[in-house]
Amino acid sequence: MITSPTIDDLLEGVILSLDADIMPALDQPKAQATAQMIQSLLQGIRQLLPNYEAALTQEHNEMNAALRDAAAALAGVDGPEADRMRHRADELGSEPDLPAPPDKEALRLAHRLRSEAVRDCLYDLDVLQRDGVTAADESLTVLRAMLTPHYLSYMATFPVAGGMLGRG
Amino acid sequence: MEEQLSAVLVEHFGDTDAVVVENLMALPGGFSRETFAFDAVVTRGEATTKMPMILRKDPPPSVALLQTSRLGEHNLIEALRANTGIPVSQSHCAVMDPTIFGEQAMIIERMPGNSQTSDLFNDGPDAGQVDDVVRHLCEVMVELHEASTEAIDPNGELRDPRGVGVDPSTWDSYMDTTLEYYINTYPEMEFDPLLLTVLDSFLWLRRNKPRPCPLGVVHGDFNPANFLYRDGEVSALIDWENSRIGDPREDLGWMVLMDVLADTQVMAHPVDEGGFLAYYNKLRGLDITPEELGYFTLFGTANIAVPVNSALARRTRKEQTEFLHLYMIQSSAPALMSFLSLVGYPGVPA
């Protein structure tokens, strides 16, 4: 999976291009307003993305605790409403908390370090192969076999539509 | 810009009373140059002639995908016009003074014909012409590849146009120095380690050189967007900026990849000749194998990939903010799969 440009870089690029390439060519006030709305929405997504999974996880765990505490506060209360409160606490509220997701930037950097290590292996294996070390062929195949599904996954999750747009 | 164009053309023609520029319009299309269509209304005495023209202008160096010379392209086009029957636009002049248009530029004839070559494919409106057009396209390429390099490049401008140490004095020296250039430049173009398969392919190319083939003038960006057609013939082969002395199989290999990226089927035609490669082989008697074509798909792609990915790397480092370069990170991604397939990665679909 690609790590640079980042998803934030891509979104920022679209926002900048709307300013530089699109808005100067828009004659209609409604179209200009829509372009500004698109920019605003994209800016919101930029701010939402880095924290989205961490926030969902934290809120999930806090809701678990609150479901249990709210039911506990009704100790001694009878009736179907209080029973349903206790039931929710015993079911959903008693499920284990979710682990905190890894920090996105730390994950990106760790991924990048390993990608660079694999790349550097290619240089070393090339020297060995040119020196006639046949074991290097197998070693290279190991790396390539690991990489193939990564590229297939990348192509599937970041697809291209329309070929080279704008080129006739 | 109209005033500058008029002034340049008056000086170029030398014998005109006036040149009026009409219908100036920016064109989409070329990824590497800024292109404008216009009509030059040329007055000589009582006579007035309307001449369709194109201004090809360099982008600022920081966002240029390819650093090439407009004067070199002008000289090449005029040499092709003088020495071959290849359909090319007349190049009126190269404007090397960047103060006139902001960067180097050239003014060329705007040729007739449809530049929307996608109309030929996928049940497009001109699908009925595709065999005839591609047959002619193949014949044009054969003429280019068999053209005398001494006649087309008398001053040696095409021997190493990027000035990167390529030595085309023999086929082996050409291949070795070109591969050295690719491999040494890889660190500059690595906008993301995902490109490591490109490095893998460069190293693989060096380890697996095929049989030699006579060098010749190659177009350098022979792809489905770089020709115009009408009435079943190619009316112009365009965009000569990356032309050089090279192995002709590079042009064929680059077309293979661009056919995939552009969702066209140039290489499948003309059908009655068994496709582009079979017809090319028939005309030249070279017997280029599919394996060689695969090798030169990688090799020819590398020639474009090095400068283009270097530009994308500058965009990723935010040295400039050109949106096209971000788009190309996505649109060129299928090329990576072609690299995997051609080098022989396990598990890659054909």
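## Close-up views of a predicted two-chain model

**View 1. Domain 1 of chain B meets domain 2 of chain B.** In this predicted model, 28 residues of domain 1 of chain B are in contact with 30 residues of domain 2 of chain B. Two residues count as in contact if their C-beta atoms, placed from the backbone, lie within 7 Å. Helix α2 (residues 70–83) of chain B gives the largest share of the domain 1 side, eight residues. That side divides into twelve nonpolar, twelve polar and four charged residues. Here Ala, Val, Leu, Ile, Met, Phe, Trp, Tyr, Cys and Pro count as nonpolar, Asp, Glu, Lys and Arg as charged, and the others, Gly among them, as polar. Domain 1 covers 1–110 of chain B and domain 2 covers 111–350; such bounds come from an automatic or database domain assignment. The C-alpha centres of the two domains lie 26 Å apart.

Residues are numbered from 1 along each chain as its sequence is written, while chains are lettered from A and ligands numbered from 1 in the order in which they are written. Because the model is predicted, local features need pLDDT of at least 70 and side-chain atom pairs count only at pLDDT 80 or more, whereas totals for chains, interfaces and linings use all residues.

**View 2. Helix α10 of chain B bends at Ala305(B).** Helix α10 spans residues 290–316 of chain B. Helices (H or I, at least four residues) and strands (E, at least two) are DSSP runs, numbered from the N terminus. The bend is about 35°, taken as the angle between axes fitted to the seven residues ending at a residue and the seven starting there. A proline, Pro307(B), follows within four residues. α10(B) is mostly covered, with 21 of its 27 residues buried. Buried means 20 or more other C-beta atoms within 10 Å of a residue's own, exposed means 12 or fewer, and partly exposed lies in between; C-beta atoms are placed from the backbone. After α10(B) comes Lys318(B), with a positive phi near 65°.

**View 3. Gln67(B) sits in a loop of chain B.** The loop runs between β3 (47–57) and α2 of chain B. Gln67(B) is partly exposed, because 15 other C-beta atoms lie within 10 Å. Leaving aside residues up to four places away in sequence, Gln67(B) touches Pro61(B) and Pro307(B). Ser32(B) is 35 residues away along the chain, with 8.9 Å between the two C-alpha atoms.

**View 4. Leu237(B) is buried in strand β8 of chain B.** The strand covers residues 233–237. Leu237(B) counts as buried because 22 other C-beta atoms lie within 10 Å. Beyond four places in sequence, the residues that Leu237(B) touches include Ile86(B), Val140(B), His219(B) and Phe227(B).

**View 5. Chain A meets chain B.** The contact takes 33 residues from chain A and 37 residues from chain B. On the chain A side, α1 (7–22), α5 (104–130) and α6 (135–157) each give two or more residues. The largest share, nine residues, comes from α5(A). By class, the chain A side has 14 nonpolar, eleven polar and eight charged residues. The model scores ipTM 0.80 and pTM 0.85.

**View 6. Helix α6 of chain A has buried residues.** Leu140(A), Leu147(A) and Tyr151(A) are buried in α6(A). Their cover includes α5 of chain A together with α7 (196–207) and α12 (333–343) of chain B.
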